[in-house]
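Student: Could we go through this model together? I would like to begin with contacts between charges and rings.

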Amino acid sequence: MAGKPPVGDPVQDAPEVTPPQESAVGAAAIAHALRTGQEQMGVRRTARTLLRVNQHDGFDCPGCAWPEPDRPHTFEFCENGAKAVAEEATLRRVTPEFFAAHPVADLAGRSGYWLGQQGRLTHPVYLAEGAEAYEQVSWERAFAIVAEELTALDSPDEAVFYTSGRTGNEAAFLYQLFAREFGTNNLPDCSNLCHESSGSALTETLGVGKGSVLLDDIHRADLIIVAGQNPGTNHPRMLSALERAKDNGARIVTVNPLPEPGMVRFKNPQTVRGLARGGTALTDLFLQVRVGGDQALFRALARRVLAAHDSGARAVDEEFVAEHTHGYEEYAAAARAYDDAEAERATGLAAADIDRAAELVLGAERIVVCWAMGLTQHKHAVPTIKEIVNFLLLGGHVGRPGAGVCPVRGHSNVQGDRTMGIFERPAPAFLDALEKEFGFAPPRRHGYDVVRAIRALRDGAAKVFFAVGGNFVSASPDTEVTEAAMRRARLTVHVSTKLNRSHVVTGARALILPTLGRTERDRQPGPDGRGHEQFVTVEDSMGVVHASRGRLAPASDALLSEVAIVCRLARAVLGADSATPWEEFSSDYARIRDRIARVVPGFEDFDARVRRPGGFTLPHAPRDERRFPTATGKANFTAGPVTYPQVPAGRLLLQTLRSHDQYNTTIYGLDDRYRGVRGGRRVVLVHPDDAADLGLADGAYTDIVSEWRDGSERRADGFRVVHYPTARGCAAAYYPETNVLVPLDSTADTSNTPTSKSLVVRLEPAASTVEPDTTVQV
């Protein structure tokens, strides 16, 4: 077990545990959001800031990518969104003096929670080779250091350019433009870690790697299946859309190994019903599927749809299938032959439970299936999502109002970054458009995704790592391997708003470049020497592009915007030989949007259209025209085999997940009140019967050991066992603490996404006991 954290850094492995809640949000969410805001920002700043979140004239929440309605509510934010805003708009500051007082070795011993709580970064800082602490450096010197390292590389492919989903469209477009003008497609991003499987499956089957529904389709659906997703914590505003759908008559099926309170009952804090009348029961049928059993479930449902059709029920939309799909006969034969006994083994569900779900399916004319990382982070994730498409195609539930596929993206503008060209395997047409517009020949060879980038750093094939946003070290799998790989780099650079673990796992040299947040006013000097206010744009999870305008004064006068950082970096590296007008782009973001309009389909007249309230919706051929730009020219049924994880006796299947006080790798607090866990994060949720079989009492401490097919093992020490009503044979624990258990080479077929949701583990008695928590929380 790891040693006790430094003084002031709370112990996270000795939590208090109570029974999980049976509802989500309500007055408690309001209280938590306001308390966090007041602690970080003060009362007046909290009110000024939160009233701007997700408004047409305000800024896009830096949290999730759930879309805003046409007429946003005055309080168009959730508890976790308020926490994300509070941490960005905080009055706490991390100054050069802070780094002088905290050498890197000290910071490396702190938790990610403690690092994030220190506040906003104010000045660029540099860690020289052999130095013990970061020191303030000028922007000019910072860019010169990066240029020095990049231009000394033997090949542009020795550099890796990572980005997270919070980057706006303008900065993302320029970032990929710079990387490609430099000469590489090494553009890994956080999509590689989350919804890459969705994009891979949807591109092959429907021709567009994005969801096919808009917010109004959720409201109009007859049946909504929410699979592998916890909206109550990860996308709380989605609960309002589900409540509206229920009011309109929709039925909701929840498919998840864990019962999540938000899907049981939603107490909408903006309504009397939510605050005083007990809220809305959302789930009509809960299918507690075994981890990794979702493909089998949807194949079993498809078998029942076909059986009903064969009996004369017209459950298959024959006209749609004949006109718009390919591969139906082969798929139908495979689905008809699927064995219920095999489905029960894979899903852990009784046939009667699947029959009940099938009754709801057969009674619905408009079906939406929503999913998130509970489906995308398995070895068979891509076949699972293809199976969802198969299921929907049978009934013609694509390109129909109130129906379609809905992958729910987990980070604001992660979808927009991909649209802007942040992709290691760019389409030839996109590169052709770049070449025509900017007059240089972009590289055509594929670059590194996240997993391949880590391997390249580990093996010495990559030597410079540059990240705009994110927390690469904590977000990536196989923590020890990832950290060792990063330490082999010549230079690591992070464009960030706050401290995180990646800043203390450095190459031989390191830079932290502080940037503006979404909440802050962005004024750039124009040709007239005066400051001109700029705005950026983002794309939500449903393909709607809209503006984001910060209003707060920047946390420091030394901050640069992401756009300005990329432009100044590009000029420093590429020099006068680059004909790209980087200075013009930095001073006027409208000029960037004009170029995007000429390169990216769907962005015609971009600058004018995005200035309208609510922005505009990108075209989506399957949704808009029932046109499928696939290899066959039609929507593709796929008849591959059904697979699911196999677990030896005495082992459990572990999924990693977020706590409620968490967004991605950002830890807002040490509670997960919906699951009844308070004051700690090192817990493992185990079904009481499995725990009994393994001899693990509730409150006992265990080490989690993952077993990989090559015979290797990985260990996470000192987790409190919590008896919890998860599916039998399954367990759950929070990441990033359990990312150490995910082998770098354990990835999804096709998408190469780490398999963080299906780890074969054994639980061993902890090597030592936990001391009581006597520290004061910060």
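Tutor: A charge sits over a ring if NZ of Lys or CZ of Arg is within 6 Å of the ring centre and within 35 degrees of the ring normal. Under that rule, Arg 549 lies over the face of Phe 535, at 4.6 Å from the ring centre. The charged end of Arg 609 is likewise placed over the ring of Phe 616, 3.9 Å from its centre.

Student: What kind of model is this, and how are residues numbered?

Tutor: The model is predicted: local features need pLDDT of at least 70, side-chain atom pairs count only at pLDDT 80 or more, and totals for chains, interfaces and linings use all residues. Residues are numbered from 1 along each chain as its sequence is written, and side-chain values use heavy atoms, with hydrogens and water left out.

Student: How many helices and strands are in the protein chain?

Tutor: The protein chain has 32 helices and 33 strands. Both are DSSP runs numbered from the N terminus, helices being H or I of at least four residues and strands E of at least two.

Student: What share of the residues is buried?

Tutor: Buried residues make up 65% of the 778. Buried means under 20% relative accessible area, exposed over 50%, and partly exposed in between, with a 1.4 Å probe and protein chains only.

Student: Moving on to sheets, which strands close into a barrel?

Tutor: Six strands do, in the order E25-E32-E29-E31-E30-E33, with mixed pairing. Neighbouring strands of this sheet are turned by 45° against each other on average, direction ignored. Two strands pair if DSSP finds at least two bridges between them.

Student: How does strand E32 pair with E25 and E29?

Tutor: Strand E25 (residues 652-657) runs parallel to E32 and is joined to it by five bridges, with Gln 655 opposite Ala 732. Strand E29 (residues 683-686) runs antiparallel to E32, with three bridges, and Val 686 stands opposite Ala 731.

Student: And which residues of E32 are buried?

Tutor: Cys 730, Ala 732 and Tyr 734 are buried on one side, and Ala 731 and Ala 733 on the other, which leaves both faces covered.

Student: How many bridges are there between E30 and E31?

Tutor: Strand E30 (residues 701-707) and strand E31 (residues 713-723) pair over six bridges in the antiparallel sense. Ser 706 faces Arg 714 across that pairing.

Student: Which strands form the open sheet?

Tutor: The order is E6-E5-E18-E17-E16-E7, again with mixed pairing. E6 (135-136) and E7 are the edge strands, each pairing on one side only. Strand E5 (residues 125-127) and strand E18 (residues 509-514) are antiparallel and share three bridges, with Leu 127 opposite Ala 510.

Student: Where does helix H7 lie?

Tutor: Helix H7 (residues 139-151) lies across E5, E7, E16, E17 (491-496) and E18, at about 135° to E18. Such angles run from 0 to 180 degrees between N-to-C directions; axes are lines fitted to C-alpha atoms, for helices over the stretch in contact, and contact means heavy atoms within 4.5 Å.

Student: How many aromatic pairs are there in the whole structure?

Tutor: A search finds 22. Rings of Phe, Tyr and Trp (its six-membered ring) pair if their centres lie within 6.5 Å; planes under 30 degrees apart count as stacked, over 60 as edge-to-face and the rest as tilted. Phe 98 and Phe 99 are edge-to-face, 5.6 Å centre to centre with 90° between the planes, and both are buried.

Student: Why is the pair of Phe 161 and Phe 466 called tilted?

Tutor: Their ring centres are 6.4 Å apart and their planes at 45°, so the pair is tilted. Phe 161 lies in strand E7 (residues 159-163) and Phe 466 in strand E16 (residues 464-468), so the pair ties together parts 305 residues apart in sequence. Ring pairs also link Phe 161, Tyr 175, Phe 178, Phe 182 and Phe 466 into a cluster.

Student: Lastly, why is helix H9 described as largely enclosed?

Tutor: Eight of the ten residues of H9 (residues 196-205) are buried, so the helix is largely enclosed by the rest of the structure. Its buried residues pack against several elements, including helix H21 (381-394) and strand E14 (367-371).
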